[in-house]
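These are my notebook entries on a single structure. I set down what I looked up, entry by entry.

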Amino acid sequence: MTAEKSSDAQAADDEPEFNVADLDLGFAEEVAAKPGGEYIRRCYSCGMCVAGCPVAEVEPRYSPRRLIRMILLGLRAEVLQSDFLWLCCNCYTCMERCPQAIRIPDIIRAAKNIAAAEGRLPANLKTVSASVTKIGRLYEIEEFDNKKRVKAGLPELQTKLEDVERLMRK
Ligand code: SF4
Ligand code: SF4
């Protein structure tokens, strides 16, 4: 019988090669300066966060511990370009389990925000962002939707939220 590989063991197999000269030693500070990122240096790599993560359970290459280690090491480009960054679903299970009370999802969100500010947003999120910016919703409400709502005894919804558009322009 072969034992199943842990998320971190699998990740170690896929470990990217990197040049020490390319490390960004200010990256951890950059993340720590964001709300919720301030306790990142408390991590002693125990792995409790990975053990409870529902994403790591279905995608063994995903590991919040690994993401934190990469940030601490200064692997800025690798973290910001990683698809794994966007797999976190903000369930906060890892934070509940972390013995160091590290706000892990907030750290991951901080890295996502840095990536987004640099234009590294996945295509699906670009679409969502454009829709929210333009109409204030994830998808357009059409007359057809309102007819169905009225039929079901629900109030009609505005088809466009002008206030959101104004807010986004500011
Ligand atoms: S549970 Fe907390 S201390 Fe342990 S590896 Fe995860 S973030 Fe680090
Ligand atoms: S918040 Fe993200 S990293 Fe933490 S357990 Fe949930 S999916 Fe995993």
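**Entry 1: a helix in the open**

How many residues does helix α9 have, and what distance does it reach from its first C-alpha to its last? I note before answering that the model is predicted. Helix α9 covers residues 123-135, which makes 13 residues, and it reaches 18 Å between its end C-alpha atoms. That is close to the 18 Å expected at 1.5 Å a residue.

I then asked whether α9 is enclosed or lies in the open. The number of buried residues among its 13 is zero, so α9 lies largely in the open. I also looked at what comes after the helix: G136 follows α9 and has a positive phi, near 75°.

**Entry 2: the domains**

I looked up the domain assignment of the protein. It gives domain 1 as residues 7-117 and domain 2 as residues 123-169. Taken over C-alpha atoms, the centres of domain 1 and domain 2 are separated by 34 Å.

**Entry 3: helix α8**

I repeated the length check on α8.

Which residues of α8 are buried? I found I104, D106, I107, I108, A110 and A111. The elements that cover these buried residues include α2, α3, α5, α6 and α7. Just after α8, G119 takes a positive phi of about 80°.

**Entry 4: helix α5**

Seven of its ten residues are buried, so α5 is largely enclosed by the rest of the structure. I list the buried residues as P64, R65, R66, L67, I68, M70 and I71. After α5 comes G74, with a positive phi near 95°.

**Entry 5: the largest nonpolar core**

Which members of the largest nonpolar core touch the most other members? The core has 25 residues, and the answer is V31, I71, I104, I107 and A111. Helices α2, α3, α5 and α8 each supply at least two residues of this core. The most comes from α8, which gives five residues.

I recalled a general point here. In soluble globular proteins, nonpolar side chains tend to be buried together.

I then followed V31 in detail. Leaving out residues up to four places away in sequence, V31 touches G37, I40, I71, I107, A110 and A111.

**Entry 6: the shell around ligand 1**

I counted what surrounds ligand 1 and recorded 13 residues. The closest are C43, C46, M48, C49 and C98. By class, the shell around ligand 1 divides into nine nonpolar residues, three polar and one charged.

**Entry 7: the shell around ligand 2**

Which of the residues around ligand 2 come nearest? Of the 14, they are C53, P64, C88, C91 and C94. The elements giving two or more residues to this shell are α4 (54-58), α7 (93-97) and α8 (104-117). The class count for ligand 2 is eleven nonpolar, three polar and no charged residues.

L87 is partly exposed, with 17 other C-beta atoms within 10 Å. Not counting residues up to four places away in sequence, L87 touches V55, E59 and Y62. I also compared L87 with S129: the two are 42 residues apart in sequence and 17 Å apart in space, C-alpha to C-alpha.

Is N90 buried or exposed? N90, placed in the loop between α6 and α7, is exposed, with 10 other C-beta atoms within 10 Å. Its phi is near 55°, a positive value in a residue other than glycine.

Y92 also has its place in the loop between α6 and α7. Its phi is positive, about 70°, although Y92 is not a glycine. Y92 is partly exposed, and I noted 13 other C-beta atoms within 10 Å.

Definitions and conventions. Residues numbered from 1 in each chain as written. Chains lettered and ligands numbered in written order. Near = placed C-beta within 6 Å. Helix = DSSP H or I, 4+ residues; strand = E, 2+ residues; numbered from the N terminus. Nonpolar A, V, L, I, M, F, W, Y, C, P; charged D, E, K, R; others polar. Expected span 1.5 Å × (residues − 1). Buried ≥ 20, exposed ≤ 12 C-beta atoms within 10 Å, placed from the backbone. Domains from an automatic or database assignment. Core = buried A, V, L, I, M, F, W, Y, C linked by C-beta atoms within 7 Å. Contact = placed C-beta atoms within 7 Å.
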